[in-house]
Amino acid sequence: MILYEEERNRGRDEGISEYGFSAGECYMAQKILQGKILIIEDEEGIVHLLNLYLKDAGYEVVVARDGADGLALHAREHPDLVILDIMLPALDGFEVCRRIRAWSQTPILMLTARGDEEDRIAGLELGADDYLVKPFSPRELVSRVRAILRRVGSSESGEVQAAQGRDKSSPDNEHEVLRFPSLTVDLAARRVEVDRSEVALTPTEFDLLALLAQSPERVFTREMLMNKIWGYDYYGDGHIIDVHISALRKKIEANSEYRYIKTVWRVGYKFEVGPKA
Ligand code: CA
């Protein structure tokens, strides 16, 4: 107790809060709650700004100034999300995205130059989850980061709940698995199998499939999908959905005799199991 009092008194002089945590410890606690972000970007001004806003929002930030360094840091630090610029020295953002996706499903938010629509589409096709066009508002970036982590994170807690539910045999928390011909979607484990072999989907691809497959035959417009997947009013163009759907189709329909996602002309998409044309 006395020691504690002494610590507190000493703490006041050193800027330690009344709760007995130093500013650093509070910061650590926040970090654990919010997650770790890897920024791969060579523009000093942008790195500085992102660092400031993300740390302020409670995230731990690690920075790589080129693609090779980014890949090394990704392997070592296991970030919860990667912010990846396309224009990087030596190894560009596309190549970095491709190499990360070769072994990991870490969510990737790409930064692209204004007007380069082809770049945006190419990034999404390589497995990026979202993109922001430069110049962007740092607040917008933080809200995108939050939205992506929220949907990836909420399913993780769902997994814990499902596990607890199984232990207690509680029917409310049953491990939900959607089963279709040759296709299984395990919602809690975020695991997809086609003909009993696991298919690696990006977080966005999985969320799209889960959303569609939970309401077979229901037609979703592109706007509905964007708002449901990103979790807020999304002002991007509908093309982003088409790219994700196309990548998703390639992965789940390649080794199956069925097709699962049907394009509803001029409207959007629906989940419908049928024979391949
Ligand atoms: Ca750059």
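## Helix α9 and its buried side

In α9, the buried residues are R222, L225, M226, I229 and W230. Buried means under 20% relative accessible area, exposed means over 50%, and partly exposed lies in between (1.4 Å probe, protein chains only). These five α9 residues cover an arc of only 100 degrees around the axis, so they sit on the same side of α9. The arc is taken from the directions that run from the helix axis to the C-beta atoms. Helices (H or I, at least four residues) and strands (E, at least two) are DSSP runs, numbered from the N terminus.

M224 also belongs to helix α9, which spans residues 222-230. M224 touches R218 and V219, leaving out residues up to four places away in sequence. Contact means heavy atoms within 4.5 Å. M224 and G268 are 44 residues apart in sequence, yet their C-alpha atoms are 9.0 Å apart in space.

## The model and the whole chain

This is a predicted model: local features need pLDDT of at least 70, side-chain atom pairs count only at pLDDT 80 or more, and totals for chains, interfaces and linings use all residues. Residues are numbered from 1 along each chain as its sequence is written, and side-chain values use heavy atoms, with hydrogens and water left out.

The chain has 10 helices and 12 strands. Of its 277 residues, 46% count as buried. Now take the contacts between residues at least 6 apart in sequence. Of these, 56% join residues at least 24 apart.

## Helices α4 and α5

Two packed helices are described by the angle between their axes and the distance between the axes. Helix α4 covers residues 67-77, and helix α5 covers residues 93-101. They pack at an angle of about 20 degrees, and their axes are 10 Å apart. Axes are lines fitted to C-alpha atoms, for helices over the stretch in contact, and angles run from 0 to 180 degrees between N-to-C directions. α4 and α5 are therefore roughly parallel to each other. Angles under 35 degrees count as roughly parallel, over 145 as roughly antiparallel, 65 to 115 as roughly perpendicular and the rest as oblique.

Which residues make the contact between α4 and α5? From α4 come G67, L71 and H74, and from α5 come V96, R99 and I100. These contact residues divide into 3 nonpolar, 2 polar and 1 charged. Ala, Val, Leu, Ile, Met, Phe, Trp, Tyr, Cys and Pro count as nonpolar, Asp, Glu, Lys and Arg as charged, and the others, Gly among them, as polar.

α5 is mostly covered, with 7 of its 9 residues buried. They are G93, F94, E95, V96, C97, I100 and R101. What covers them includes α4, along with β1 (36-40), β3 (81-85), β4 (108-112), α6 (117-125) and α8 (203-214).

## Helices α8 and α10

α8 also packs against helix α10, which spans residues 239-253. Their axes come within 9 Å and cross at roughly 85 degrees. α8 and α10 are therefore roughly perpendicular to each other.

On the α8 side, the contact uses T204, E205, L208, L209 and L212. They meet I241, H244, I245, A247, L248, K251 and I252 in α10. The residues of this contact divide into 8 nonpolar, 2 polar and 2 charged.

## A buried strand residue

T112 lies in strand β4. T112 counts as buried because its relative accessibility is 1%. Leaving out residues up to four places away in sequence, T112 touches I86, R120, Y131, L132, V133 and K134.

Most residues other than glycine have a negative phi, and most peptide bonds are trans. Where is the peptide bond that is cis? The bond from K134 to P135 is cis, with omega near -5 degrees. P135 lies in the loop between β5 (130-133) and α7 (138-168).

S182 is not a glycine, although its phi is positive, about 65 degrees. S182 sits in the loop between β6 (177-180) and β7 (183-186). At 22% relative accessibility, S182 counts as partly exposed. R196 has a positive phi too, near 65 degrees. R196 is in the loop between β8 (191-194) and β9 (197-199). With a relative accessible area of 80%, R196 is exposed.
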